[in-house]
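Here are my notes on this one, written as numbered points. Have the 3D view open while you read.

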Amino acid sequence: SRLGGPWLLGLLAHLLLWGSPGTWASYLRRSSSCMPIPHHMALCYDIGYSEMRIPNLLEHETMTEVIQQSSSWLPLLARECHPDARIFLCSLFAPICLDRLIYPCRSLCEAVQRSCAPVMACYGYPWPEILNCNKFPADHELCIAAVSMDENSSSRRMPRASCKDCELEEASTAREILESLCANDFAVKIRILRRNTTTTTISDFDLDPSKVEVLKHGPLLRTEIPARLQQWLDIDATCAHNIMRGTQAGVFIVSGEVQSDKVVVNKAYAWQKRNRNLHQAVRRWKHHRCPEQVG
């Protein structure tokens, strides 16, 4: 999740030539000072510039307060809800030291809110009023615009983290695996590849269409499963990231449910030689009858 010098140049290239909002901005211009971003400010250290303004744009007046308040956002970043979430938050918690104050653009705030507010709601936290997007300047003013591709572009859908934590399952017993496959709408053996990406903090993943073996298709057509699973990889970055565990490629048995226009993966097992229970379950699956099929 490191954003270095090239990002800063890109950020400055997105700045447009108008003013900053609010009386607080006028006060800050008169009273703020520049300070190094400390190593222990995990949210923004090594963001692409080395100094920040105190007080910041969220009215935090001491570095202790900034570090304490900013650290509460780290779990949200770990959910990878939007590739520009760190840029947006750091523009407020650790505003860059230029000769004038630069706020995030309203469109950047709205993009991050659309993706991240639902994840916060999963844990009972509303989008805070202090981050009300209406407070930030419109895109034709001087502001920090989105760095990532527009989420409305047809070439790439913006990842949206799911509320459900998704981790690799341990292949306990063949019987438990079979019961799990029965309980889900679909089950597929797939190969996932990690794309090389330098443009966002979120890894992108591809499904290898030549390595798709359908065990159970449920309400899905067999022919549509590869596209639906690719959609899952595109929009549920958190789940895919957790399954891959830093690897560049892997083969998995995944099972899940169909929810209107998307599929949700509930279980994922790594297809490895040592997972004998998984291999045994897949061999037995062809002749296995689920409880609802009996009788």
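**Notes on the chain**

1. The chain exposes about 15,200 Å², and carbon and sulfur atoms supply 52% of that (areas come from the Shrake-Rupley method with a 1.4 Å probe; for residues, only the protein chains shown count as cover).

2. A word on what you're looking at. This is a predicted model, where local features need pLDDT of at least 70 and side-chain atom pairs count only at pLDDT 80 or more, while totals for chains, interfaces and linings use all residues. Residues are numbered from 1 along each chain as its sequence is written, and side-chain values use heavy atoms, with hydrogens and water left out.

3. Now the overall build. You'll find 10 helices and nine strands (DSSP runs numbered from the N terminus: helices are H or I with at least four residues, strands are E with at least two). Of the 295 residues, 49% are buried (under 20% relative accessible area; exposed is over 50%, partly exposed in between, with a 1.4 Å probe and protein chains only).

4. Is helix α8 (residues 225-235) largely enclosed or open? Eight of its 11 residues are buried, so α8 is largely enclosed by the rest of the structure. Among the buried ones are Arg 228, Gln 230 and Trp 232.

5. On to the disulfides (pairs of cysteine sulfur atoms within 2.5 Å): the count is five. One joins Cys 34 to Cys 97, S to S 2.2 Å. Its S-S torsion is about -125 degrees, so this disulfide is left-handed. Cys 34 sits in strand β1 (residues 33-36) and Cys 97 in the loop between α5 and β3 (103-104), so the pair ties together parts 63 residues apart in sequence. Cys 34 is partly exposed, at 38% relative accessible area.

6. Compare Cys 105 and Cys 143, joined at 1.9 Å. Their torsion is about 85 degrees, so this disulfide is right-handed. Both Cys 105 and Cys 143 are buried.
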